[in-house]
Amino acid sequence: MNVKQRTIQSEISISGIGLHTGKAVNVTIKPAPEFHWYKFKRVDLEGGPIVAVDADNVSDTSRGTTITQNGASISTIEHLMAALVGLQIDNVLIEIDGPEVPILDGSSRIFVEKLVEAGFIDQEADRDYYEIQDNIVYVEKDRKVEIIAMPLDGYRLTCMIDFNSPVLGSQHASISNITEFKNEISGSRTFCFLHELESLVNHNLIKGGDLSNAIVIVDKEVSKEELDKLSGLFNKSVEVASEGILDNIQLRYQNEPARHKLLDMIGDLALVGRPLKGHIMAARPGHAANAAFAKKIKAQIKKDKNRKNLKVYDPNMTPVYDTVQIMKILPHRQPMLMVDKILELSETHVVGLKNVTMNEDIFMGHFPEAPVFPGVLQIEAMAQTGGILVLNTVPDPENWLTLFLKIENARFKNQVTPGDTIIFSCELLEPIRRGIARMKGVGMVGDKVVSEAELMAQIVKVKGN
């Protein structure tokens, strides 16, 4: 049974203070149509610019996740995004009258409560999951960050943090299904170390912090003077609790910091722009790594989409031209004739076939002990296939030559060895003008892309004809 996309049943409003700006801000979350995903609207700015929750719009990850588009920015979006993903809401418009989402209690809990209060409504379209097909890995060696996404029919997340601190050492948090988010993760609050708090205060940041929306971890000896200074700054008496945190709040979970890192990761991965199916495992993640990983998933989605658009051809289908007919069009002869059949031909595209056999002269000198069909000859075969397309535009092709002027963005993705059959498809990128043709060529063995390139060619008449 297919799961339907859903939005909220009625709009909700939430007001609070931005953690870093200290400014009061009002948020109204409204229902949105199918395939809308999450978008912010800055109602305090002229024209109400829209900012889409998208990895390509990330502009800052230093103290939370900030997105920028159409001249407008929204910061600290991750806790609200986590609430939306955690409740499996697909489409909302978020109107906001300031540059930062309110911090509230430092978790997603209040957002979750308000959204549940609004209720949900199923929409007509099926949920637009992206299912992880193969492992996707992101590594930052210097920071010892590693994130991996693996195939799974569901959405499972595992997070490990390790701050090399006597108070906050190694912690783990996980959920086996996104449905556990509401009860297990949404209430975990943001945290910082005391030395970070002091630095932020000294730099006139965290103007909206009031010690009720963050766990402050004390990882050094603290004098009474320092505690008195903090008490005066936040107008609240503070001491160091036995757990090594300021006694401003009580921990909701023994591993609350790890749970909050998991919350941040769920929120930041909303930047992919679609709900995910897979198992995400992360060691020492942060906003920068999460955003970079979301970009990597987006890039894989694009690759998968391009792959789906590539047709797999039957090499045994009846050809448009066989080898004898090809030789009447192209001037090449063995061993330089690189096209055995033309399988499809139209005014804008051509599909050709090259059988790679051990009998070819090239293998006598090119890796004879481990024969690999050279990339340069794959491009030559691709160019000859494209030449058929170009010569098909003139009435007497045997009196014309195709001369290649440029090869760009050539990539070789998989080895080609004897026994393989390469299917080359070339498609015009624009109409042929003044005998100049620009084409995108792709070579495939089975359903795998082995090579691709952009080619530019010119047709010229053979001298004497």
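## Annotated positions

UniProt positions are given here in the numbering of this chain, and such annotations may be inferred rather than shown by experiment. With that in mind, welcome to a predicted model in which the UniProt record, an unreviewed entry, places a "binding site" feature at H79, H260 and D264. Although these positions are spread over 186 residues of sequence, they cluster in space, and the largest C-alpha distance is 9.4 Å.

Let us take H79 to begin with. H79 sits in helix α1. Is H79 buried or exposed? Its relative accessible area is 6%, and a residue counts as buried under 20%, so H79 is buried. Leaving aside neighbours within four places in sequence, the contacts of H79 include I103, G106, S107, S108, F111 and T190. H260, L263 and D264 are also on that contact list of H79.

D264 belongs to helix α6. With a relative accessibility of 7%, D264 counts as buried. Which residues does D264 contact, leaving aside its neighbours within four places in sequence? They are E78, H79, H287 and N290.

## How α1 meets α6

The two helices that carry these residues also pack against each other. Helix α1 spans residues 78-86 and helix α6 spans residues 256-268. Their axes lie 7 Å apart, at an angle of about 80 degrees. Angles of 65 to 115 degrees count as roughly perpendicular, and α1 and α6 are therefore roughly perpendicular to each other.

On the α1 side, the contact is made by E78, H79, M81, A82 and V85. Facing them from α6 are H260, L263, D264, I266, G267 and D268. Sorted by class, this contact of α1 with α6 has five nonpolar, three polar and three charged residues.

## Strand β20 and its partners

Now for a look at some strands. Strand β20 covers residues 349-355 and is mostly covered, with five of its seven residues buried. Which strands pair with β20? One of them is β19 (residues 341-345), which pairs with β20 in the antiparallel sense over four bridges. A hairpin of three residues joins β19 to β20, and I342 stands opposite G352 in β20.

Another partner is strand β22 (residues 421-428), which runs antiparallel to β20 and is joined to β20 by seven bridges. Here K354 stands opposite I422 in β22. In a regular strand, side chains alternate between the two faces of the sheet.

Definitions and conventions: Residues numbered from 1 in each chain as written. Predicted model: local features only at pLDDT ≥ 70, side-chain atom pairs only at ≥ 80, totals over all residues. Heavy atoms only, no water. Axes fitted to C-alpha atoms, helices over the stretch in contact; angles between N-to-C directions. Parallel < 35°, antiparallel > 145°, perpendicular 65-115°, else oblique. Contact = heavy atoms within 4.5 Å. Nonpolar A, V, L, I, M, F, W, Y, C, P; charged D, E, K, R; others polar. Buried < 20%, exposed > 50% of the residue type's maximum accessible area, 1.4 Å probe, protein only. Pairing = 2+ DSSP bridges.
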